[in-house]
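Hi everyone, thanks for making time.

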Amino acid sequence: MPPGPTVTLLSGGGGGAKLAEGLARAVEDLTVVANTGDDAVIYGLSISPDLDTVMYTLAGMIDTEKGWGVDGDTFATLGALGRLGMDTWFTLGDQDLATHVRRTALLRAGARLSEVTAELTAALGVRARLLPMTDDRVATLVETDAGLLPFQEYFVARRHRDAVRSVVLDGVEAARPAPGVLEALTADVVVLGPSNPFLSIGPILAVPGVREALAATPARRVAVSPIVAGQALKGPAAAMLAALGHEVSALGVARLYEGLLDVLVVDEADAALAPAIRTLGMDVVVTRTVLGGAEDRERLARELLAAA
C-alpha cells in the first residue's frame with residue numbers, strides 16, 4: 001500500500017484542534033504548527049494555551065464541554081491560591097497545572113519550547129508531531145479603546161468584549177521559525193485550520209519566513225473558513241473582521257488569504273459565495289464544516305484532503 005500524504009496543519013486552539021483530531025485519524029504523517037502568540041506567564045508558570053489545547057485534544061484528554069483543559073480535572077490548587085489572596089481570573093485545573101509546572105521547569109533548565117513540546121506530547125502518547133510556531137517570545141497585544149491589552153487579559157479577563165482596533169505582535173520581527181516549521185510547509189498538503197485569522201493563524205504567518213514559505217511551497221494549500229453564515233462558531237473572529245474593516249463572511253476570509261491558498265472549504269450555508277471566492281484564484285469546496293464528534297471531524301479531514 002502506498003504511503004498516505006504528508007499533512008501540515010496551522011492551528012490555534014478550538015476549531016483548529018478539532019480539525020487536528022480529524023486529520024490525525026485520517027493520515028499517518030501529521031504535523032501541527034500551533035500559535036504561541038497567546039503564551040503567557042501566569043501564577044509564575046509558562047502557559048501555552050493553543051499548544052496545550054491541540055496536545056490535549058490529540059491525546060484524547062480535552063474537556064470537550066469547555067473546549068480547553070483536561071477532562072474531569074479538579075481545581076483544588078486554584079481554590080487554595082484564591083484563599084491565599086491570589087487573583088485567580090485565569091482558570092487552570094490541577095492536571096493542567098502539572099503540564100505547566102513541567103514546561104516551566106524544562107524551560108528554566110534551558111530547553112527550547114519545541115524541545116519541551118516534544119517531551120510533553122511523547123509523555124501523553126500523541127502520535128502527531130506538534131511544533132510551536134517559534135521558540136522565541138512573541139506576544140499578541142490587542143489595541144482597544146481601553147488601551148493595549150495583553151492577549152489573555154483581552155480574551156479571558158475581559159471576555160473579548162472590547163472592540164479591536166489593531167493587533168500588535170510584539171517581538172515577531174526578531175523571531176525565527178521553530179526547528180521543523182519551514183520544512184513542514186513542504187508537506188504534500190498544508191491546511192490552515194478554522195482558527196481566528198488575526199489571533200491564531202496571523203501570528204504564525206507573521207513569523208519571518210513563514211508566509212513566504214507558504215506562498216512558495218509546492219504543497220496543495222487548503223483552508224477551512226472559521227466564519228459560517230456571517231458568524232464565528234466561537235470567539236471574536238466575526239467581530240474582529242467587522243471592526244478591522246473586512247467583510248464578515250467566508251469571502252472576507254478568502255480575501256485575507258488571497259495568494260496563499262489553492263482551496264477554501266466553506267460551509268453549506270455559504271454555498272452562494274463560492275463563485276466570488278473562485279475569482280480570487282482558489283477552488284471552493286462546499287460541505288458541512290460545523291463539527292460534531294470524532295467521526296465528523298475525520299469526515300471533514302478526508303473531504304478536504306480529497307479536494308487538495
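**The second largest pocket**

Strand 3 (40–42), strand 4 (45–47) and helix 4 (94–108) each give at least two residues to the lining of the second largest pocket. Helices here (H or I, at least four residues) and strands (E, at least two) are DSSP runs, numbered from the N terminus. Keep in mind that this is a predicted model: local features need pLDDT of at least 70, side-chain atom pairs count only at pLDDT 80 or more, and totals for chains, interfaces and linings use all residues. Residues are numbered from 1 along each chain as its sequence is written, and side-chain values use heavy atoms, with hydrogens and water left out.

So, back to that pocket. Its volume is about 470 Å³, and of the 21 lining residues, the closest to the centre are Asp-39, Leu-113, Asp-135, Asp-136 and Arg-137. On a 1 Å grid over the protein atoms alone, a pocket is an open set of points with protein on both sides within 12 Å along at least five of seven lines, a cavity is a set where a 1.4 Å probe fits but cannot get out, and lining residues have an atom within 4 Å of a point. Grid points are joined across faces, edges and corners, and a volume is the space filled by probe spheres set on the points.

Beyond its neighbours within four places in sequence, Ser-114 contacts Pro-132, Asp-135, Ala-178 and Pro-179; contact means heavy atoms within 4.5 Å. Is Ser-114 buried or exposed? It counts as buried, because its relative accessibility is 9%, and the buried cut-off is under 20% relative accessible area (exposed is over 50%, partly exposed in between; 1.4 Å probe, protein chains only).

**Helix 1**

Helix 1 (residues 15–26) is largely enclosed by the rest of the structure, because 9 of its 12 residues are buried. Among them are Gly-16, Leu-19 and Glu-21. The cover includes strand 1 (6–11), strand 2 (29–34) and helix 13 (294–307).

**Cores and a cavity**

The largest nonpolar core has 48 residues, and Leu-10 and Tyr-154 are among those with the most contacts inside it. Helix 8 (residues 197–206) brings the largest share, 5 residues. A nonpolar core is a set of buried Ala, Val, Leu, Ile, Met, Phe, Trp, Tyr and Cys residues joined through side-chain atoms within 4.5 Å.

Last stop: the whole structure has 1 cavity of 30 Å³ or more. The largest cavity holds about 40 Å³ of space, and its lining includes Lys-66, Trp-68 and Asp-96.
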